[in-house]
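Hello,

Here is the structure you asked about. My notes follow below it.

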Amino acid sequence: MAQLSDDCFAFGGPMMSVDEAVSLIAARVSRVSDVENVRLAAADGRVLAGDIAAPLPLPPFTNSAVDGYAVASADLPTTEAQAFPLSGRVQAGASAQASVKRGEAMRIFTGAPMPEGADTVFMQEDVRLEHGNVVLPAGLKPGANVRPAGEDIPLGHVALQEGQRLRPQHVALAAALGLTDLTVVRRLRVAVFSTGDELVSPGDHRAPPQLFDSNRFMLMAMLRRLGCEVSDLGILRDERTALASALRDVAGAHDLILTTGGVSTGEEDHVKAGVEAVGKLVLWRMAIKPGRPVAMGIIDGTPLIGLPGNPVASFVTFVHVVRPTVLALMGARQEPLVPLPVRAAFAYKKKIARREYVRVSLRQAADGAREAVKFPREGAGLLSSLVDTDGLVELGEQLTRVEPGQTVGFLSYASLM
């Protein structure tokens, strides 16, 4: 379990920028120490626990990049086409039975090892066959269409780095190196619960003034996409003693506690008092919209994050608080969220010194450009605004106004998880 000091989240100050938040979280949270070996086929999405040096070069031997004819570069025609007798053939997965002598050519196929004596390959589309000879055109450069051994990755080079969140392409590289198992950080164990007497779980009886809990399921899905093991602890009622007891019980068995709802300072918001009864809590305000104060603290060495109850605010603060915390606890390298430039098809006003996120859909304009169309309503409680859009336009702290036609930064929902 991750053990953190009581001042881990004591960032101080009444308001913090998004960039400051991400930097401080990454700097103050340490990776869980436990690692495990997993089969290569199960490594996707896991975090590599150490560097992997290439145990062989890639490619492991010099080979042809095309189907064609291999010759010695010293024999390359320089002014006019020249006919060469064929001395044999070599296909992928086999070695040449003989070397290529000066003045000869050998038929070769993509991926086949280069025969001794040859260092250049003519593409079969560029030659012609006449009377058992191959006629090679003039002008080809020495070494053309050949992949040298180690061209991709040299022997001993760090092929995969510690902290890499493995994706299919990383798994492919490990396979190409002949690896069957990888040492990865164990999955992060995260406890998730909602708070509030106004909530019931889907499938339970809902009284007229109650709502079905949606945030918990959204957050659990986002955590699983980050590779976490998630414990669904249901809904904690607005009762301070019971809430504090539940928090104490789960702290020792989890690396992170995540709550949603009840983190403001209202008299019916009991998370603050419940956490303070068994640990330490700070209410941390980010200069972000949508969003509200985020509860952050420590219970028996386990970090706790309490997100707002409005679903859009919960989604956005998850991206900018929970996501970097999870990555830091897993020892994963922080992956910056890089907005893609698109054209705004909307006007918008915002406050200075606050980063704001606008829910948008993308469309292709008549001139072929990608345009961002703003969702027609503003509310942070509108789940449909997350379902019926493609992502968020990020508006920086110094920006105060957006006009139609202006270039803005777009973050797809897929890039946020």
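Helices (H or I, at least four residues) and strands (E, at least two) are DSSP runs, numbered from the N terminus. This is a predicted model: local features need pLDDT of at least 70, side-chain atom pairs count only at pLDDT 80 or more, and totals for chains, interfaces and linings use all residues. Residues are numbered from 1 along each chain as its sequence is written, and side-chain values use heavy atoms, with hydrogens and water left out.

**Helix α2**

G178 follows α2 and has a positive phi, near 85 degrees. Helix α2 itself spans residues 168–176, and its buried residues are H170, V171, L173 and A174. (Buried means under 20% relative accessible area, exposed over 50%, partly exposed in between, with a 1.4 Å probe and protein chains only.) These residues sit on the same side of α2 because they cover an arc of only 160 degrees around the axis. The arc is that of the directions from the helix axis to the C-beta atoms. P168 and Q169 are exposed on the other side of α2. The cover over the buried residues of α2 includes β11 (158–160) and β12 (181–185). Contact here means heavy atoms within 4.5 Å.

**The six-stranded sheet**

Six strands form an open sheet in the order β16-β13-β17-β21-β20-β18, with mixed pairing. Two strands pair if DSSP finds at least two bridges between them. The edge strands, β16 (229–236) and β18 (280–284), each pair on one side only. From one strand to the next, the twist averages 20 degrees. Axes are lines fitted to C-alpha atoms, for helices over the stretch in contact, and angles run from 0 to 180 degrees between N-to-C directions.

Strand β13 (residues 189–195) pairs with β16 in the parallel sense, over six bridges. R189 has E229 in β16 as its bridge partner. Helix α3 (residues 215–225) packs on this sheet and touches β13, β16, β17 (256–260) and β21 (302–307). The direction of α3 makes about 170 degrees with that of β16.

**Around β6**

Strand β6 covers residues 105–108. A105 and R107 point one way from β6, M106 and I108 the other way, and all are buried. β6 has an antiparallel partner in β4 (residues 68–71), over three bridges. Here A70 stands opposite M106. β6 also pairs with β5 in the parallel sense, again over three bridges.

R89 lies in β5 (residues 82–90). Its bridge partner in β6 is R107. Not counting residues up to four places away in sequence, R89 touches M106, R107 and F109.

**Salt bridges**

The whole structure has 18 salt bridges. (A salt bridge is a side-chain nitrogen of Lys or Arg within 4 Å of a carboxyl oxygen of Asp or Glu.)

- R186 and D34 meet at 3.0 Å, N to O. R186 is in the loop between β12 and β13, and D34 is in the loop between α1 (18–28) and β1 (35–39), 152 residues apart. R186 counts as buried, at 8% relative accessibility. D34 is partly exposed, at 34%.
- D213 and R216 meet at 2.5 Å, N to O. D213 counts as buried at 3% relative accessibility. R216 also counts as buried, at 3%.
- E356 and R354 meet at 2.8 Å, N to O. E356 is buried, at 1% relative accessibility.
- D19, R355, E394 and E397 are linked in a network of salt bridges.

Best wishes
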